[in-house]
Amino acid sequence: MGVALVTLVPLRVVLATITVVVYYLICRMCTLFVVPNKEDEQEDFAHLGGWRRTVLYWSGRFLSRVMLFAFGFIWIQECVRDNEGDGDGQSKELERPGVIISNHVSHMDILYHMSSSFPSFVAKRSVGKLPLVGLISKCLGCVYVQRESKSSDTKGVSAVVNERIQEAHQDKSAPMMMLFPEGTTTNGDYILPFKTGAFLAKAPVLPVILKYPYERFSPAWDSISGARHVILLLCQFVNYMTVTRLPVYYPSQEEKDDPKLYAENVRRLMAREGNLIMTDIGLAEKRVYHAALNGV
């Protein structure tokens with residue numbers, strides 16, 4: 001770690017910083033003289049068209065992969081499951097999914113999905129105000145929510161998310177939504193109960209399972225501070241990621257009528273295909289655990 005701190009980490013930090021600045025400048029160029037969409041306290045450039053959208057999309061995907069490389073993810077093993085022989089009638093549909101569903105393990109999850117499909121995310125409202133990253137998040141079309149507020153506009157955010165999912169499902173040119181239905185990160189071995197927000201739109205979903213094999217330091221962001229996690233991640237010479245893309249999941253009429261059933265069935269599918277352990281522990285219990293670790 002001592003050697004990595006004075007050699008590898010500075011090089012990676014410089015590469016990551018240059019990458020972020022370059023993409024910020026691209027975003028700035030593509031949004032010149034363009035008025036952002038403003039609706040329900042949301043602000044984004046998600047619906048840019050023409051050359052602007054093309055440049056943002058492909059440069060965003062490429063530079064996100066460069067960021068992953070800077071963090072030591074030199075190779076990413078991807079497995080795409082065919083939409084065949086499901087046995088549940090899932091293979092006969094060809095509709096476009098409205099949302100990508102993924103388990104949540106690390107900060108790196110977001111970079112992978114940006115490099116893979118460049119979708120829109122749900123993010124804390126404060127992200128939109130950050131230097132550099134704020135404009136990038138608006139170009140991604142992030143939907144902002146004030147998670148810390150007890151009286152947050154959850155209903156309004158849910159409506160925006162549902163509208164985006166339905167739009168992506170019906171319009172191939174619309175940006176895809178990407179949601180982590182667990183609502184928090186795990187250590188990568190478990191899968192938590194799903195929130196129903198991604199399933200209220202009744203649109204097909206694309207389940208993606210992320211795993212981070214490791215020998216020394218786990219890339220999973222589970223119980224240490226964000227800064228310490230990033231430093232240890234940068235010190236590790238090579239980091240590994242495996243991705244399993246499942247076939248698009250088309251809900252039955254029963255699942256469309258019952259979002260909880262829809263969410264639970266997708267969760268069980270991901271647990272089975274990803275060899276993940278299902279648990280009833282959620283974000284509330286995780287906060288209690290973190291408080292105990294910190295002696296609060």
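Predicted model: local features only at pLDDT ≥ 70, side-chain atom pairs only at ≥ 80, totals over all residues.

Which residues are linked in a network of salt bridges? They are Arg81, Arg272 and Glu273, where a salt bridge is a side-chain nitrogen of Lys or Arg within 4 Å of a carboxyl oxygen of Asp or Glu.

Residues are numbered from 1 along each chain as its sequence is written, and side-chain values use heavy atoms, with hydrogens and water left out.

Back to the network, then. Between Arg81 and Glu273 the closest N and O atoms are 2.4 Å apart. Arg81 lies in the loop between strand S3 (76-80) and strand S4 (99-102), whereas Glu273 belongs to helix H9 (residues 259-274), so this pair ties together parts that are 192 residues apart in sequence. Helices here are DSSP runs of H or I with at least four residues, and strands are runs of E with at least two, numbered from the N terminus. Glu273 also forms a salt bridge with Arg272, with the closest N and O atoms 3.8 Å apart.

As for accessibility, buried means under 20% relative accessible area, exposed over 50%, and partly exposed in between, with a 1.4 Å probe and protein chains only. On that scale Arg81 is partly exposed at 30%, Glu273 is partly exposed at 30%, and Arg272 is exposed at 55%.

A search of the whole structure finds six salt bridges, and another one of them joins Glu264 to Arg268, the closest N and O atoms being 3.3 Å apart.

Let me now step back to the chain as a whole. It has 10 helices and 11 strands. Its radius of gyration, taken over C-alpha atoms, is 19 Å, close to the 19 Å that the globule rule gives for 296 residues, so the chain is as compact as a globular protein of that length; the rule itself is 2.2 Å times the number of residues to the power 0.38. Of the 296 residues, 48% count as buried. Among contacts, meaning heavy atoms within 4.5 Å, between residues at least 6 apart in sequence, 73% join residues at least 24 apart.

Finally, where does Asn187 lie? It is in the loop between strand S7 (177-179) and strand S8 (190-191), and with a relative accessible area of 33% Asn187 is partly exposed. The C-alpha atoms of Asn187 and Pro175 are separated by 29 Å, although these residues are 12 apart along the chain. Leaving aside neighbours within four places in sequence, Asn187 is in contact with Val105, Ala220 and Asp222.
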